[in-house]
Every structure is written in C-alpha cells, then in structure tokens.
Amino acid sequence: MLPFLVLLVLYHTWPVMFGTYLAFTKYNIISPAQFVGLDNFRELIGDKQFWSGVQNSLKYLIVVPVIQLLSIAVAMLVNRPLKGIGFFRTAYYVPVVTSFAVVGLIWTWMYQQSGPVNFVLLKLGLMSRDSSLLNNPGSALYAVMFVTLWKGIGYYMVLYLAGLQSIGRELEEAAVIDGATRWQVFTNITLPGLRPTILVCSLLSTISAVKVFEEIFVMTQGGPVGSTYTALFFTYSKAFQDFRYGYAAAAGIVVAIISLMFGVINFRLTRGGRVDG
C-alpha cells in the first residue's frame with residue numbers, strides 16, 4: 001500500500017492541508033503568504049458574485065434526481081438477458097469515457113443558432129430564430145445540465161447494474177409466483193435492494209453537481225450575463241485570473257462545506273443505505 005499512500009498524501013492530503021492554510025492568508029504566488037485570519041471569509045459573505053455562483057450550483061442539483069431515475073431505468077433495461085445486450089451497455093457507457101473537452105465542443109456546436117438542436121426547436125415552435133440555448137440567460141444553465149445528464153447516465157447505469165445483479169433473482173421470482181405485479185416487485189424488492197447503491201450514486205452526483213466546473217469552463221465560461229457562473233468557477237477565476245489564491249481557497253472551503261451538508265442530507269434520506277428487512 002505504500003506507493004498508493006505516498007501518492008495520496010502528495011496529491012490529495014497535502015493540497016487539502018495547504019489549501020486550508022491559504023484560506024486564512026493573502027497570497028498571490030509572487031509575494032509570501034500573509035496571514036489575514038478570517039478576512040477572506042468575511043469578504044465572501046458580502047460578495048454577491050460568489051453567492052450568485054452558489055445559487056447556480058444549487059440549481060444544478062436538479063440534475064441529481066433526474067439522472068438517478070434515468071440511470072435506474074436504463075440499468076433495468078440493459079439487465080435483461082437479450083441478444084446483443086453487451087453492445088447497448090457499451091453504447092450507453094461511451095459518453096462517460098469521452099473527454100469533456102470533446103463532449104463540450106460537440107454540444108456547443110449542436111446548441112449553436114444554426115445547429116441541429118435549434119433546428120428541431122424552431123420546427124416545433126419552441127424557439128425564436130434569433131436565439132440559441134447557450135446564448136439565452138434563461139436557458140443556458142439548463143442546456144449545460146442536459147449535457148451533464150447525457151454524459152453521466154452511463155456511469156451511474158453501471159453502478160446500478162451491479163446493484164441489480166446483486167439482488168437475488170429467487171426473491172423476485174417468488175414474489176411473481178405469489179401474484180405480485182412488476183411495480184410491486186420493483187417497490188418492495190428491487191428498490192430496497194438498491195438502497196446502498198442509491199446512497200453512493202446520490203452522494204457522487206450531488207457532490208459533482210455542487211462542484212460543477214468542466215461543463216461551464218468548456219461551454220460557457222460563466223456566461224451569458226453570469227447565468228452559468230457557478231461557485232467552483234468563481235473559485236477558479238479568483239485563483240487563476242485574479243491571482244487571489246487565499247480568497248479562492250476560502251471559497252473552495254465554503255463549497256466543500258456545502259457539499260458535505262448535502263452529503264449528510266443524502267445519507268439521512270437513504271437511511272445510510274441500509275436495506276430493509
């Protein structure tokens with residue numbers, strides 16, 4: 001375990017400790033870090049741009065229940081012993097292993113005013129000709145959410161598929177023999193059996209939603225008019241554009257605390273992943 005522990009300390013533990021220290025300093029790389037106590041956190045309290053980013057990050061949590069429900073549905077679909085099912089499992093997983101730089105560029109093109117998405121929406125009368133989803137402050141964030149949803153379903157599908165295959169088939173067969181409907185089998189056997197997996201997937205997707213960054217960086221850069229400006233993008237911009245590393249570290253700690261709070265809520269809602277009975 002020594003090589004792994006060395007890498008863990010070097011690339012995880014030490015950066016966390018150093019970042020926490022920087023949150024209480026004024027630091028710009030050029031000058032030595034100057035300890036300022038809680039000044040960075042006091043400034044954050046009155047920073048409207050940061051709280052606007054937090055608000056957008058919280059809006060992003062809409063993705064969590066949707067992606068979980070769709071992932072469970074797809075997992076149940078590909079869990080059937082059908083001919084060629086391996087191909088469909090692979091096809092659903094391909095977006096997961098595709099770089100987001102590639103995915104972001106593809107979807108940015110698709111969302112363009114002359115792109116296929118706008119073409120379909122125009123034909124359905126759902127959009128005006130002089131607009132596009134990514135250029136509209138009212139729809140930009142939801143357009144990026146859809147890309148996150150499209151890319152992430154395959155990942156959670158694999159986790160739910162493993163959870164489904166760990167549930168004893170004899171339980172479902174016995175319930176069917178006793179006259180249970182498919183919905184009763186799902187709610188009384190399948191769903192309780194998936195509770196540990198639901199906990200893990202909900203935690204992962206919640207943390208990812210609060211800390212969303214790649215999608216914003218590649219597709220919108222926080223625009224238009226700050227409508228997709230998230231908390232973690234705020235942290236990035238303060239660190240690598242304004243070179244205020246101490247202030248950015250303080251914002252990062254607040255984002256981490258928010259993620260932890262939602263993690264605790266998920267843990268409570270799923271009762272710690274315990275399976276009934």
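**Note on a predicted helical chain**

1. Helix H1 has a kink of about 40 degrees, centred on Val 9; the bend at a residue is the angle between axes fitted to the seven residues ending there and the seven starting there. H1 covers residues 2-22, 21 residues in total, and reaches 28 Å from its first C-alpha to its last, close to the 30 Å expected at 1.5 Å a residue. That expected span is 1.5 Å times one less than the number of residues. Helices (H or I, at least four residues) and strands (E, at least two) are DSSP runs, numbered from the N terminus.

2. Residues are numbered from 1 along each chain as its sequence is written, and side-chain values use heavy atoms, with hydrogens and water left out.

3. On overall form, the protein chain contains 14 helices and two strands. Its C-alpha trace spans about 75 × 55 × 35 Å along the principal axes. The accessible surface of the chain comes to about 16,200 Å² (Shrake-Rupley method, 1.4 Å probe). Carbon and sulfur atoms account for 68% of that surface.

4. Of the 277 residues in the protein chain, 42% are buried. Buried means under 20% relative accessible area, exposed over 50%, and partly exposed in between (1.4 Å probe, protein chains only). Contacts, meaning heavy atoms within 4.5 Å, were also examined by sequence separation. Among those between residues at least 6 apart in sequence, 67% join residues at least 24 apart.

5. The largest nonpolar core has 61 residues. Such a core is a set of buried Ala, Val, Leu, Ile, Met, Phe, Trp, Tyr and Cys residues joined through side-chain atoms within 4.5 Å. Leu 44, Phe 50, Tyr 60, Tyr 111, Tyr 160 and Met 219 touch the most other members. Helix H8 (residues 140-165) gives the most to this core, with 12 residues. In soluble globular proteins, nonpolar side chains tend to be buried together.

6. Leu 44 deserves a separate look. Not counting residues up to four places away in sequence, Leu 44 touches Phe 50, Trp 51, Phe 234, Tyr 247, Ala 250, Ala 251 and Val 254.

7. In helix H7 (residues 116-123), Val 117, Asn 118 and Leu 121 are the buried residues. Seen down the axis of H7, these fall within an arc of 95 degrees, so they line one face of the helix; the arc is that of the directions from the helix axis to the C-beta atoms. Helix H6 (100-110) is included in what covers them. After H7 comes Gly 125, with a positive phi near 75 degrees.

8. Asn 118 lies in H7 and counts as buried because its relative accessibility is 1%. Leaving aside neighbours within four places in sequence, Asn 118 is in contact with Met 110, Tyr 111, Gln 112, Gln 113, Met 127, Ser 131, Ser 132 and Leu 133.

9. Most residues other than glycine have a negative phi, and most peptide bonds are trans. The bond from Gly 223 to Pro 224 is cis, with omega near -5 degrees. Pro 224 belongs to the loop between helix H12 (214-219) and helix H13 (231-240). Gln 221 is in the loop between H12 and H13, and its phi is positive, near 55 degrees, although the residue is not glycine. With a relative accessible area of 40%, Gln 221 is partly exposed.

10. Phe 243, likewise not a glycine, has a positive phi of about 60 degrees. Phe 243 sits in the loop between H13 and helix H14 (245-269). Its relative accessible area is 44%, so Phe 243 is partly exposed.

11. Arg 89, in helix H5 (residues 85-97), is partly exposed at a relative accessible area of 26%. Arg 89 and Met 76 are 13 residues apart along the chain, and their C-alpha atoms are separated by 11 Å. Not counting residues up to four places away in sequence, Arg 89 touches Val 78, Asn 79, Met 157, Leu 161 and Gln 165. Ala 101, in helix H6, counts as partly exposed at 40% relative accessibility. Ala 101 and Leu 82 are 19 residues apart in sequence and 34 Å apart in space, C-alpha to C-alpha.

Key:
Predicted model: local features only at pLDDT ≥ 70, side-chain atom pairs only at ≥ 80, totals over all residues.
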